[in-house]
Amino acid sequence: MKIKHLEKGSLWHSLVRTTEHALKSGALRSFPTGHAFIEDGGVRFFVRVLASLREKTVARTKQDADPFLPPEKDLTVADITDTHVAVLNKFNVVDHHLLIVTRRFEDQDSLLTLTDFEALWLCMAEYNSLGFYNGGREAGASQQHKHLQMVPLPLAPAGPPVPIAPLLPAPGSIAAIGTIPAFSFLNSYVRLRPDTVDTPREAAIETFELYTAMLKSVGMNAPGTSTITRQSQPYCFIVTREWMLLVPRTREHFEDISLNSLAYAGSFFVWNKEQLARLRDFGPINALRTVSMPAER
């Protein structure tokens, strides 16, 4: 059966409609949060705080079976390509949190492929958003079936669309692999062409090649051109319409606080005010350093 591909200009409407239906049916569990800001190193980090301890128990429940084979009908937003489908995040704390899931099982510990990038850019061309990939459990992944994720921008109700914007290097050469110097841990950063998002399929090719170079720059193995390649270590990966960031990981938690790719964008999540206080005292940048590789190898 021929799979219908994503129709240009349709994703946001489908996302909103599916969200409304899934909330009414109970398929989508959206957990209310409060929020706080923590000033650190010139950045106003955004922290979501779970509003209810009762919700905490439900949110931490793990699904043993693969939730994406097949994905729940009430959570399915759109067909993207022959290889990927768009699905709502069933247990979300961020409104309109989208998952970009492989139709067939691939392991979350495998490196991204050109088809992953094609699906991501087709979605990112639809509305201003931040895409990310938690490469393995130690990088914050909660499901083993490969899925990229996407959340609308801005990430916070005040400040720049991506909180770490003040730390980004001054504009320089396009596609030159560098770092974010203020992050005193191993990372790889690259700026994209201003019009990258205008041609999603070309963007996929360009950014896949840059992703390969970024992996090599931090000492990781590169993806194969025609085979699925297992990653050599866990990592977090962020994509915006303007830049990409890759950070190798050593473990998932700072103390008992799980950190995924969004933390490197400046957006944290904590279960309670006690965790918030500890994060504030220690500092978000220091917390990121404890779960990342040293800058000097």
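## An aromatic cluster

Phe117 and Phe237 are both buried, where buried means under 20% relative accessible area, exposed over 50% and partly exposed in between, with a 1.4 Å probe and protein chains only. The model is predicted: local features need pLDDT of at least 70, side-chain atom pairs count only at pLDDT 80 or more, and totals for chains, interfaces and linings use all residues. Residues are numbered from 1 along each chain as its sequence is written, and side-chain values use heavy atoms, with hydrogens and water left out.

A search of the whole structure gives 16 aromatic pairs. Rings of Phe, Tyr and Trp (its six-membered ring) pair if their centres lie within 6.5 Å; planes under 30 degrees apart count as stacked, over 60 as edge-to-face and the rest as tilted. The ring centres of Phe117 and Tyr211 are 5.2 Å apart and the planes are at 55 degrees, so this pair is tilted. The pair links distant parts of the chain, with Phe117 in helix α3 and Tyr211 in helix α4 (residues 200-217), 94 residues apart. Helices (H or I, at least four residues) and strands (E, at least two) are DSSP runs, numbered from the N terminus.

Phe117 also forms an edge-to-face pair with Phe237, at 6.0 Å centre to centre and 65 degrees between the planes. Here Phe117 in helix α3 is linked to Phe237 in strand β11 (residues 235-239), 120 residues apart. One aromatic cluster is formed by Phe117, Tyr133, Phe208, Tyr211, Tyr235 and Phe237.

## Helix α3 and the cores

Helix α3 (residues 114-124) is largely enclosed by the rest of the structure, because 8 of its 11 residues are buried. Among them are Asp116, Phe117 and Trp121.

A nonpolar core is a set of buried Ala, Val, Leu, Ile, Met, Phe, Trp, Tyr and Cys residues joined through side-chain atoms within 4.5 Å. The largest one has 51 residues, and those with the most contacts inside it include Trp121, Tyr211 and Phe237. Apart from this core lies another, of 41 residues, including Ala36, Leu130, Ile257 and Val291. Not counting residues up to four places away in sequence, Trp121 touches Leu192, Pro200 and Val239, among others; contact means heavy atoms within 4.5 Å.

## The sheet of 8 strands

An open sheet has 8 strands in the order β4-β5-β7-β9-β8-β11-β12-β10, with antiparallel pairing. Two strands pair if DSSP finds at least two bridges between them. The edge strands, β4 (76-79) and β10 (188-191), each pair on one side only. From one strand to the next, the twist averages 20 degrees.

β4 and strand β5 (residues 84-88) run antiparallel and are joined by 3 bridges. In this pairing, Asp79 stands opposite Val85 in β5. Helix α1 (residues 11-25) packs on the sheet and touches β4, β5, β7 (98-102) and β9 (147-152); its direction makes about 150 degrees with that of β4. Axes are lines fitted to C-alpha atoms, for helices over the stretch in contact, and angles run from 0 to 180 degrees between N-to-C directions.

## The sheet of 3 strands

Another open sheet has 3 strands in the order β2-β3-β15, with mixed pairing. Its edge strands are β2 (33-40) and β15 (267-270), each pairing on one side only. The twist averages 25 degrees from one strand to the next.

Strand β3 (residues 43-50) pairs with β15 in the parallel sense over 4 bridges, and Val49 stands opposite Val270 in β15. Helix α6 (residues 273-282) packs on this sheet, touching β2, β3 and β15, and its direction makes about 10 degrees with that of β2.
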